[in-house]
Amino acid sequence: MSSGDTKNIALITGITGQDGSYLAEFLLAKDYEVHGVIRRASTFNTGRIEHLYADRYRHKGGRMHLHYGDMTDSSSLVKIISTIRPTEIYNLAAQSHVKVSFELSEYTAEVDALGTLRLLDAIRTCGLEKQVKLYQASTSELYGKVQEIPQNETTPFYPRSPYACAKLYAYWTVINYREAYNMFACNGILFNHESPRRGETFVTRKISREVAKIHLGLSDCFELGNLDSKRDWGHAEDYVQYTLALPCPQLQAHIRSILFCSLVCFFPHPFFFSSVRESTPCSLIFKLFFLHMSIIPH
């Protein structure tokens, strides 16, 4: 959060998604003015955030404002950023389904890879590279064919899908713009995180919904993909709280990418970092997180 009389204005791409909706809630609770980018659709796609309107039935009022735009349209990004002049930008927009990325590989690259480049260029076009703090939502899919277990900030990347390759491009683009233009721009590498707001085509919601159908006698079986895949899961709401810490001005203006890991969902501590062990109390995890952030070199 900004200090003094500076107004906190956040722009969220992907605000209608799982993470974007939780992030909007937290920012509004911190007295931010929140703006979100949404795509034009013939049906309403704001179900996860409609409760944030002052008048949820007419989709009006409050400190949340939505703007039509697209990560494939540079002009819309420039127009939105120049109009609202945000202090913080959270780039959560993505075609994030791994399987679909093989079927829509070019579109995935346009949104996830070049979309991030367009956003960074839009910030510079508007002359805000010294005022805006950018958070880029990266992914543990960068590790793909993992080279070590567990992974940390120095583990080599080995992407195994068009989605992961596009996100790797975005990851290095953020770093290059940060170093080339002295911008505040950081990556957050998030492992799998779920919630009741998760899309129904993702595995956790797919399993829970299909089990319910079987219990109700509406179905007798369902199909899954690769049963050999292993994932750690956390709760999206917890992940978003850590996301909020990254653009905080009390931390250094230029920070390296932070590895967000979750333990298996049955373990009571949702996060651990390279300096934290499984037995570390939650209170100490928070302290180590902020200490870790404050001493990381550019």
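Predicted model: local features only at pLDDT ≥ 70, side-chain atom pairs only at ≥ 80, totals over all residues.
Strand E4 covers residues 88-91.

E4 pairs with two other strands. Strand E1, residues 9-13, is joined to E4 by four bridges, and these strands run parallel. Here Ile12 stands opposite Tyr90 of E4. Strand E5, residues 133-139, is also joined to E4 by four bridges, again with a parallel run. On this side, Ile89 has Leu134 in E5 as its bridge partner.

The next element is helix H6, which takes in residues 203-215. The expected span is 1.5 Å times one less than the number of residues, so the 13 residues of H6 should span 18 Å. The C-alpha atoms at the ends of H6 are 18 Å apart, which agrees with that value. Just after the helix, Gly217 has a positive phi of about 75°.

Val203 belongs to H6 and also to a feature of the surface. Together with Leu224 and Leu227, Val203 forms a nonpolar patch there, and the accessible area of the three residues together is about 270 Å². Is Val203 itself buried, partly exposed or exposed? Its relative accessibility is 37%. Buried means under 20% and exposed means over 50%, with partly exposed in between, so Val203 counts as partly exposed.

Methods:
Residues numbered from 1 in each chain as written. Heavy atoms only, no water. Patch = residues over 30% accessible without salt bridge, like charges linked within 9 Å, V, L, I, M, F, W, Y side chains within 5 Å. Areas by Shrake-Rupley, 256 points an atom, 1.4 Å probe, with all protein chains shown as cover. Salt bridge = Lys/Arg side-chain N within 4 Å of Asp/Glu carboxyl O. Buried < 20%, exposed > 50% of the residue type's maximum accessible area, 1.4 Å probe, protein only. Pairing = 2+ DSSP bridges.
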